Amino acid sequence: MKNSIEVTNLCRNFGSFEALKNVSLVARPNETLAIFGHNGAGKTTLLKILSTVMKATSGNVLYGGLDMQKDPEKILSNIGVISHRSFLYSSLTALDNLTFYARLYSVPDRNVRIKHLLTAMGLRTRMYDKVGTFSRGMQQRLSIARALLHDPGIILMDEPESGLDNKASETLWQLLNEKKRTIILTHHNLERGYAVANRFIILARGSVFFAPDNKCPLAELEAAYSASLEVA
Amino acid sequence: MKDLSDAFIIASKDILTEIRNREVLSSVVVFAVLVIIIFNFAFGSSERAAGLVAPGILWATFAFAGILAFNRSFVMEKEEDCIEGLMTAPISREAIYLGKFFGNTFFILLVQLIVIPVFSLLFNINFFNLELLAITILATLGFSSTGTLFAAMAVNTRARELVLPILFFPIVSPVIIGAVNASALVLEGQSFAAINQWIGILVAFDAIFIVASYLIFSFIIEE
């Protein structure tokens, strides 16, 4: 079975600053891969490149063996992105936002799917309200609904639980586990990230610092994380 | 074909945003009408004044009013990084450009639909004929194609309100000159043959900038 995502020698420079240096990693099918790292380690840059928002300076990324240059629409229709920012239009209602993205993703039975997700995220009663009137947590919940609209097989999440209460976090993982998916996420909380992921990578100064083949004990992860601080 | 249907989805979202918000249209119309009223007071509405300055006033007003609309069209994509939402959707970057271009063209035409009758009334000019309609549409396409591209560039800069006019006006000046001269000839009662060369310039500008902007847009929005 092909790896869901295969990254080879990825580099990204901003002027003379090297944000990513020869990063190579694989995300196996149906696994949850957590990426940790201190501020400026390159986590968000890596996710931006994987989500095709940013171009790499050099290196290669394959999605299920497919190249983004050759099959961009096929690849993107199977990826869902949850970011720090919601990707939502504050002047539009929750329903308008989800309908817009559902049309872009050609979601079948979009009204049914939208109402299912709004109900699951506890936003059904606010669907006709403008997103600008939502709290940060509600916007994050709606952002999750947006990312899951097209039921993607690959999910990229940058600090997905920031702004969510415990119940909303539980709902997020319930929705994610509705089907088998490959998930790559960054998390600021080592213990929480450890609990939800099958495998981990620690980045330090744009390079892979720690990447065990399988789920290691939490103590080992914590020790590696502390050591990465010295590199950073 | 898919690019076109994706572009219409984006343009319809922009129109829906404006219906919900009523932000751009009202401010642009108020600005355009005020400018025309001020110039009307300055130059009067005599036939001589109208023939001499009215076409220049009209197209300069639309160019400045367009800046407001173009800026806003990408500012809304920058808030909450919505542009990244579009970039991670299974649509081409070119479709994003076309969508914003269609939306901006629609707004400018709508502004013109409201402002031109006011202008005709104040300057005592009949602006409703086929030649002037053709000039208006061609000039609007020229404004919109370049304005959309440069707004996408300017939105990532710190002084975007300053950067957009600096990029936009030098490039779009052939459209303004062409539209002003062609409109003046039509108002003088010249035949279609007399304005042919100016129409040709507008058509050429539109063709070059729509195609060029469509092709280079992806390089502009990717970080």
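Two residues count as in contact here if their C-beta atoms, placed from the backbone, lie within 7 Å. The model is a predicted one: local features need pLDDT of at least 70, side-chain atom pairs count only at pLDDT 80 or more, and totals for chains, interfaces and linings use all residues. Residues are numbered from 1 along each chain as its sequence is written, while chains are lettered from A and ligands numbered from 1 in the order in which they are written.

**View 1. Where chain A meets chain B.** Chain A puts 26 residues into the contact, and chain B puts in 21 residues. On the chain A side, α2 (72–76), β6 (79–82) and α3 (94–104) each bring at least two residues; helices (H or I, at least four residues) and strands (E, at least two) are DSSP runs, numbered from the N terminus. The biggest giver is α3(A), with 5 residues. Sorted by class, the chain A side has 13 nonpolar, 7 polar and 6 charged residues. Here Ala, Val, Leu, Ile, Met, Phe, Trp, Tyr, Cys and Pro count as nonpolar, Asp, Glu, Lys and Arg as charged, and the others, Gly among them, as polar.

**View 2. Helix α1 of chain B and its neighbours.** Buried residues of α1(B) include B:I9, B:I10 and B:K13, buried meaning that 20 or more other C-beta atoms, placed from the backbone, lie within 10 Å of the residue's own. What do the buried residues of α1(B) pack against? They sit against α3 of chain A, together with α2 (24–43), α3 (47–78) and α5 (93–123) of chain B.

**View 3. The six-stranded sheet of chain A.** This open sheet of 6 strands runs β6-β7-β8-β3-β9-β10, with mixed pairing; two strands pair if DSSP finds at least two bridges between them. β6 and β10 (207–210) of chain A are at the edges with a single partner strand each, so one side of each has no neighbour in the sheet. Inside the sheet, β3 (residues 32–37) and β8 (residues 182–186) of chain A run parallel, joined by 4 bridges. One bridge pairs A:L33 with A:I184 in β8(A).

**View 4. The four-stranded sheet of chain A.** Here 4 strands make an open, antiparallel sheet in the order β2-β1-β4-β5. Its edge strands are β2 (17–27) and β5 (66–67) of chain A, each pairing on one side only. β4 (residues 58–63) of chain A and β5(A) share 2 bridges in the antiparallel sense, and A:Y63 stands opposite A:L66 in β5(A).

Definitions and conventions:
Buried ≥ 20, exposed ≤ 12 C-beta atoms within 10 Å, placed from the backbone.
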